Amino acid sequence: MQTEKLLLIPGPTPIHPRILNSLSSPTISHVSPIFVAEFKEALSNLKKIVFCKDGEPFIVAGTGTLAMEMALLNSVDKGGKILVLSQGYFGQRMAQIAEAFGLKYDLIECEWGKAVLPEVLEKSLSETKYEAVVSTHVDTCTGGCAPVKDYAEVLKNHESIYIIDGVCATGGIEERMDDWNVDVILTAAQKCFGVPPGLAMLVVSKKGLEKRKTLKAIPAFYSDWLRWLPIMKDPSKYFSTPCVNEIRAFCESTKIVLEEGLEKRFSRHALMARAIRAALIELGFTFFTEKPFLADTLSVVNYPEGIEDTSFRTLYYENGVVVAGGLGETTGRVFRLGHMGNISVSQVYFALEALEKTLSALEYKFDPGSGLKAAKTVLRG
Ligand code: PMP
């Protein structure tokens, strides 16, 4: 009986043996020299992964949503206004967080499966002064990838703090903080880093931190960057107990990322996305996300006629692969397949073989072997 399934939901992602190994080591003191050194290394590596020289990294126990909350609360005054550029579910969440804390915001949405165009941002900035502009890099619900580099170009001559939610992108898709003048990249452990959920991470530019210092009281305690800053500069200090094993595992994951090399890692994500999509197209599937906005980290796949969500995912699971269903308005209409983090080519082949097996059992008409062949053609160049 197969007990372990290949986890291809869009996060958490499969855990590399080196990371699992690190997680299973006995918990050591959070002020021991070994942990302090690893915490420092994790912080420094996180900055390298987002191409940031002078900013401040933060790693705290929590998840992506906490990182979103921290980014907003530390960047805007009660009286100031935020602009949220949303391509779906997680942009809406940003607006909900602003709402929960009584922060003023404008929400620009687009049709799901697309992203807000830079021209729309330009127009909004010409009409209203925003203290912060927030974009979800990849919306994990719609699969839409935002043109964050183009937004940066538009924001070049503006004072606004530029915040990117990189939860479904950082470490898998290029994000260049310094070159693009990004002020905050927020992310989490469980996607492109391939670490179990449990960490909220941010890298904040000098400008972002200066802005925080100008805000008097913010409605936060655990989420306040200024309470964490002394710990991030010297992890032997105490504010709130860091999750030792998770941070050590994250440190290992950053080593894996940097050993692979950032450019190579981004190209591998792009190649795997192309290979998987070539297979799916060959099998007759289409995508929820429009072509120009397809992300390298996940595919949101429309169900063809005759394939029902629950039976498909149940059978695919029995054949060894876990994929996610839709969220919100896409529920029942799509499945979401993650292809990010430390997944290997053999795992991609396994997933595609299991997909064909699942489709055959559902009596779906396709040319057997054609999906796998299409993926192999892409992967072999
Ligand atoms: N932003 C994006 C783009 C996400 O995909 C997610 C989680 N899927 C979040 C934020 C929230 O992260 P978490 O579930 O870790 O709180």
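Domain 1 and domain 2 bury about 2,500 Å² between them, with 61% of that area on carbon and sulfur atoms; buried area is the accessible area (1.4 Å probe) that two parts lose on being put together, summed over both. The model is predicted, with local features requiring pLDDT of at least 70 and side-chain atom pairs counted only at pLDDT 80 or more, while totals for chains, interfaces and linings use all residues. Residues are numbered from 1 along each chain as its sequence is written, and side-chain values use heavy atoms, leaving out hydrogens and water.

**The two domains**

Select residues 6-11 + 261-379 for domain 1 and 17-260 for domain 2; these bounds come from an automatic or database domain assignment. The C-alpha centres of domain 1 and domain 2 lie 28 Å apart. Their contact (heavy atoms within 4.5 Å) takes 27 residues from domain 1 and 35 residues from domain 2. Next, highlight Leu262, Phe266 and Phe293, which supply 25% of the area that domain 1 buries against domain 2, more than any other three residues.

**Helices 10 and 11**

Proceed to helix 10 (residues 244-260) and helix 11 (residues 262-282), whose axes come within 5 Å and cross at roughly 90°. Helices (H or I, at least four residues) and strands (E, at least two) are DSSP runs, numbered from the N terminus. Axes are lines fitted to C-alpha atoms, for helices over the stretch in contact, and angles run from 0 to 180 degrees between N-to-C directions. Helix 10 is therefore roughly perpendicular to helix 11; angles of 65 to 115 degrees count as roughly perpendicular, under 35 as roughly parallel, over 145 as roughly antiparallel and the rest as oblique. Show the side chains of Ile256, Val257, Leu258 and Glu260 in helix 10, which meet Leu262, Lys264, Arg265 and Arg268 in helix 11.

**Helices 5 and 6**

Now select helix 5 (residues 118-127) and helix 6 (residues 148-155), where the axes come within 9 Å and cross at roughly 25°. These two helices are therefore roughly parallel to each other. Pro118, Leu121, Glu122 and Leu125 of helix 5 make the contact with Asp150, Tyr151, Val154 and Leu155 of helix 6.

**Two backbone details**

Most residues other than glycine have a negative phi, and most peptide bonds are trans. Select Gly11 and Pro12, which are joined by a cis peptide bond with omega of about -5°. Pro12 is in the loop between strand 1 (6-7) and helix 1 (17-23). Finally, select Asn181, in the loop between helix 7 (177-180) and strand 7 (184-188). Asn181 has a positive phi of about 55°, although it is not a glycine.
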